[in-house]
Amino acid sequence: MQPHPSVTQPAAQGLLIVGILLIAANLRAPVTGVGPVLADIQHSFGFNATQAGVLATLPLLAFALVSPLAAGVARRHGLERTLFGALLMLTAGIVVRSSSTVWGLFGGTMILGSAIALCNVLLPSLLKRDFATKVSTMTSLYAVTMSVTAALCSAVMIPLTGMSSSGWTFALGIWAVLAAFSAVVWLPQLRRATRPMQQAATTPAIPIWRSPLAWQVTAFMGLNSFVYYVVISWLPAILQQNGYSAASAGSLHGLLQLATVVPGVLAVPLIHRLTDQRAAAFLSAVLALVGLVGFIALPGWSVVWCIVYGFGSSACLILALTFMSLRAGSVHQAAALSGMAQAVGYLLAAVGPTLVGALHDLFGGWSAALLLCATISAIQAVFGLYAGRPTQIGALSPGAVEPASELAVRRR
């Protein structure tokens with residue numbers, strides 16, 4: 001399917017790229033920016049660590065619940081309109097979350113998490129449609145934008161709290177400006193009302209949920225997500241307990257996310273040259289493990305451990321996303337595997353922040369939580385040896401009709 005004619009015009013294509021990168025800039029910062037001010041939120045509402053963990057869990061639950069619905073919403077309203085609506089929802093969610101009320105804090109978090117879930121699912125579809133020959137380049141651009149913005153957000157959160165008497169509510173609420181600006185820049189795309197096609201009715205059901213390899217890929221992604229969102233949610237608190245100031249902890253939180261940019265630049269070309277990704281998957285998980293153990297054994301070297309963990313975790317995520325394509329035997333199967341891995345992975349990740357918060361309350365420190373995460377990374381490394389094998393779940397049965405991709409579009 002060819003891109004919409006307006007996309008072939010240089011000016012229109014440039015505006016589309018800017019719009020895509022602005023959307024990408026909103027996909028992590030509203031969630032990861034909570035970590036540096038989580039202690040302030042706890043103090044404001046009297047939350048214990050378990051209750052604060054629930055707050056960190058809500059966006060992940062929204063990701064898991066809303067992601068399977070995104071394609072249906074886009075079929076009904078169009079890709080461009082759905083993305084625009086998601087940006088408006090994100091803006092509203094950020095504002096509601098910053099209302100200084102408990103219901104606003106939790107309700108706004110669910111709203112913005114649902115909005116990000118829509119963008120997470122639909123943005124890659126847009127890239128596949130309009131930049132079919134430059135998918136890798138555009139994916140790298142938006143991944144780097146997402147990571148850099150998240151790192152910047154973490155680094156400036158503490159200084160932002162000092163710029164207003166509202167403190168953390170101002171620091172979190174200011175990001176609504178970026179979301180609203182992104183929606184304004186996206187407005188010209190509403191002229192293109194395109195939507196994904198329905199799959200062919202003759203498409204046979206593929207038992208993806210009964211495939212051991214599919215579960216191995218899902219486990220590799222899900223375990224990585226579990227640990228990543230624990231670290232993103234609680235790292236500032238861990239560092240402050242180890243003697244770092246709030247500002248230093250926020251800067252290191254941003255450094256970790258900045259380290260996640262490196263694999264996006266270096267690893268993508270390498271992965272596609274490897275016919276066997278077992279060693280890459282195993283070593284990436286081991287790097288994350290080393291970083292987690294480092295936070296326990298040598299907390300004074302946390303700068304190093306932030307870089308090591310950030311690099312390893314990001315490489316694992318890139319590999320997991322790559323496995324969704326490499327391990328599938330058809331376009332439909334790749335979509336099914338992606339849906340399975342993301343739904344299960346985010347549900348598993350949603351358990352992490354709350355469980356770790358409960359462990360902190362139980363033991364009065366972070367060592368037990370970090371040991372749990374290190375153990376999970378070790379298990380993930382084992383699953384990487386299986387998920388990285390050069391094999392596929394299997395193509396469609398002989399004589400079956402290859403389904404139309406959901407990434408194809410039809411004009412209204």
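**Figure 1. Lining of the largest cavity.** Ala, Val, Leu, Ile, Met, Phe, Trp, Tyr, Cys and Pro count as nonpolar, Asp, Glu, Lys and Arg as charged, and the others, Gly among them, as polar. On that basis, the residues lining the largest cavity divide into ten nonpolar, four polar and one charged. The model is predicted, so that local features need pLDDT of at least 70 and side-chain atom pairs count only at pLDDT 80 or more, whereas totals for chains, interfaces and linings use all residues. Residues are numbered from 1 along each chain as its sequence is written, and side-chain values use heavy atoms, with hydrogens and water left out.

Three cavities of 30 Å³ or more are present in the structure, a cavity being a set of points, on a 1 Å grid over the protein atoms alone, where a 1.4 Å probe fits but cannot get out. The largest of them has a volume of about 120 Å³, where a volume is the space filled by probe spheres set on the points, and grid points are joined across faces, edges and corners. It is lined by 15 residues, of which Val31, Val34, Leu55, Ala56 and Pro59 are the closest to its centre; a lining residue has an atom within 4 Å of a point. Two or more lining residues are given by each of helix 2 (29-32), helix 4 (49-66), helix 7 (102-130) and helix 11 (212-241), the helices being DSSP runs (H or I, at least four residues) numbered from the N terminus.

**Figure 2. Second largest cavity, with helix 11 and helix 3 in its lining.** The second largest cavity holds about 50 Å³ of space. Its lining is made by Gly35, Pro36, Leu38, Ala39, Gln42, Ser233, Trp234, Pro236, Ala237 and Gln240, and the elements that give two or more residues to it are helix 3 (38-45) and helix 11. Helix 11 provides the largest share of this lining, with five residues. By class, the lining of the second largest cavity divides into six nonpolar, four polar and no charged residues.

Figure 3. Helix 14 (278-297) and helix 17 (367-387) each supply at least two residues of the patch, and helix 17 gives the most, with three. Tyr386, found in helix 17, counts as partly exposed because its relative accessible area is 43%, a value between the buried class (under 20%) and the exposed class (over 50%).

**Figure 4. Salt bridge between Asp276 and Arg278.** The structure holds one salt bridge, defined as a side-chain nitrogen of Lys or Arg within 4 Å of a carboxyl oxygen of Asp or Glu. It is formed by Asp276 with Arg278, whose closest N and O atoms are 2.5 Å apart. Asp276 counts as partly exposed, with 25% relative accessibility, and Arg278 is likewise partly exposed, at 35%.

Figure 5. Ser100 is found in the loop between helix 6 (79-97) and helix 7. Its phi is near 65 degrees, a positive value in a residue other than glycine. Most residues other than glycine have a negative phi. With a relative accessibility of 44%, Ser100 counts as partly exposed.

Figure 6. Ala214 lies in helix 11 and is buried, with a relative accessible area of 0%; its C-alpha atom is separated by 7.9 Å from that of Ala341, 127 residues apart along the chain. Tyr228 also has its place in helix 11 and counts as buried at 6% relative accessibility, while the C-alpha atoms of Tyr228 and Pro353, 125 residues apart along the chain, are separated by 9.7 Å. Ile41, found in helix 3, counts as buried at 1% relative accessibility; Ile41 and Gly167 are 126 residues apart in sequence and 9.7 Å apart in space, C-alpha to C-alpha.

Notes: 1 Å grid on protein atoms, 1.4 Å probe; cavity = no way out; pocket = protein on both sides within 12 Å on 5 of 7 lines; lining within 4 Å. Buried < 20%, exposed > 50% of the residue type's maximum accessible area, 1.4 Å probe, protein only.
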